[in-house]
Amino acid sequence: MRLGALEAGGTKMVCAVGDETGKIYEQISIPTETPEITVPKLIDYFKKAEVDALGIGCFGPIDPDKSSKTYGYITSTPKLAWADYNIVGAFEKALGVPVGFDTDVNGSVLGEVTFGQAKGKKCVIYVTIGTGVGVGVFIEGKLLHGMLHPEAGHVHIQKREDDAYEGKCPYHKTCLEGLAAGPAVEARWGQKAVELNDRKEVWDLEAYYIAQALSGYILTLSPEMIILGGGIMHQEQLFPLIRNYVKEMLNGYIKTDEIENIDSYIVPASLHDDQGIMGCLELGRRALKEK
Ligand code: ADP
Ligand code: ZN
């Protein structure tokens with residue numbers, strides 16, 4: 001089967017054609033402008049590709065609830081041109097094929113549990129730390145939506161005493177995104193994150209904040225694996241620091257093989273940054289199967 005995959009991001013739209021094994025035949029990227037400008041280009045691409053179904057992993061907030069009147073909409077996003085936009089409807093109408101839809105981060109976790117290192121696991125969390133912080137949750141074999149969908153990048157974080165930075169989130173200031181996403185790192189230290197490679201204190205503080213959030217997720221959801229991706233996690237030096245802080249914060253309370261072997265518990269993404277787009281293939285496959 002020919003499956004279309006669309007990873008819809010705030011800065012770019014990644015489009016791919018592939019199949020149910022996760023094989024990607026072709027891939028392009030289009031800048032995200034307004035729906036009027038961007039969507040016709042995407043439709044054109046998927047029409048020419050003659051896909052049997054499409055899976056969309058989308059920036060949010062979105063409405064993933066199939067029983068809702070606004071199912072398939074991007075809802076209250078700060079990217080105003082896309083607020084209250086029926087993205088699923090636009091593709092269903094233009095392509096006439098089944099369309100699967102979820103958050104970008106649920107797409108990524110689905111990619112990892114379907115094709116990557118988390119295959120066979122039932123409870124897995126995917127955290128992206130980039131321009132923002134997003135968390136995808138696969139739990140008891142399903143992508144978690146609940147009331148809306150998890151927005152766990154915005155959990156409250158206890159600021160460390162030596163950190164004078166006020167926080168960047170317009171809603172909460174010092175949530176995880178406000179303290180630890182790329183723009184916060186760059187505002188705090190006055191330099192591009194990539195240029196801060198050698199500054200140990202930068203990554204130690206970063207790990208301290210990420211670990212606080214992960215400890216909370218571990219205690220709340222009991223994941224069997226936590227996968228970390230996004231631009232900031234290209235700093236591989238973060239992994240041992242995060243693992244140490246998580247162990248310190250849990251303080252021996254959770255005694256499992258996973259926490260004991262934390263190097264294989266808190267891990268980088270395994271699909272060469274294709275976890276998101278591969279997850280969208282699987283969203284498309286599932287939509288086709290449902291029809
Ligand atoms: P997005 O979140 O927009 O999809 P990314 O996940 O690539 O995009 O995240 C972009 C953020 O990651 C930027 O704020 C950038 O500073 C940061 N970033 C990108 N590459 C690196 C790197 N090698 N080291 C540290 N930070 C990085
Ligand atoms: Zn916030």
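Me: How many residues of domain 1 are in contact with domain 2?
Reply: 10 residues of domain 1 touch 13 residues of domain 2, where contact means heavy atoms within 4.5 Å. This is a predicted model, in which local features need pLDDT of at least 70, side-chain atom pairs count only at pLDDT 80 or more and totals for chains, interfaces and linings use all residues, while side-chain values use heavy atoms, without hydrogens and water. Residues are numbered from 1 along each chain as its sequence is written, chains are lettered from A and ligands numbered from 1 in the order in which they are written.

Me: Where are the domain bounds?
Reply: Domain 1 covers 3-107 + 273-290, and domain 2 covers 117-268; the bounds come from an automatic or database domain assignment. Their C-alpha centres lie 26 Å apart.

Me: Why does the second largest pocket lie between them?
Reply: Both domains give residues to its lining, so the pocket lies between domain 1 and domain 2. A pocket here is an open set of points on a 1 Å grid over the protein atoms alone where a 1.4 Å probe fits, with protein on both sides within 12 Å along at least five of seven lines; lining residues have an atom within 4 Å of a point.

Me: Which residues lie nearest its centre?
Reply: Lys66, Tyr71, Gly100, Phe101 and Glu290, out of 22 lining residues.

Me: And which element gives the largest share of that lining?
Reply: Helix 9, with five residues. Strand 7 (99-103) and strand 10 (142-143) each supply at least two residues, as does helix 9 (275-290). Helices (H or I, at least four residues) and strands (E, at least two) are DSSP runs, numbered from the N terminus.

Me: Switching to the five-stranded sheet, what's the strand order?
Reply: The order is 10-9-8-11-12, in an open sheet with mixed pairing. Strand 10 and strand 12 (266-268) are the edges, each pairing on one side only. Two strands pair if DSSP finds at least two bridges between them.

Me: Do strands 11 and 12 run parallel or antiparallel, and what packs there?
Reply: Strand 11 (residues 225-229) pairs with strand 12 in the parallel sense over three bridges, and Ile226 stands opposite Ile266. Helix 7 (residues 238-250) packs on the sheet and touches both of these strands.

Me: Last one: how many bridges join strand 2 to strand 3?
Reply: Seven, joining residues 12-18 to residues 24-31 in an antiparallel pair. Lys12 stands opposite Pro31 in strand 3. Five residues sit between the two strands of this hairpin, and Gly22 takes a positive phi near 90 degrees.

Definitions and conventions: Axes are lines fitted to C-alpha atoms, for helices over the stretch in contact, and angles run from 0 to 180 degrees between N-to-C directions.
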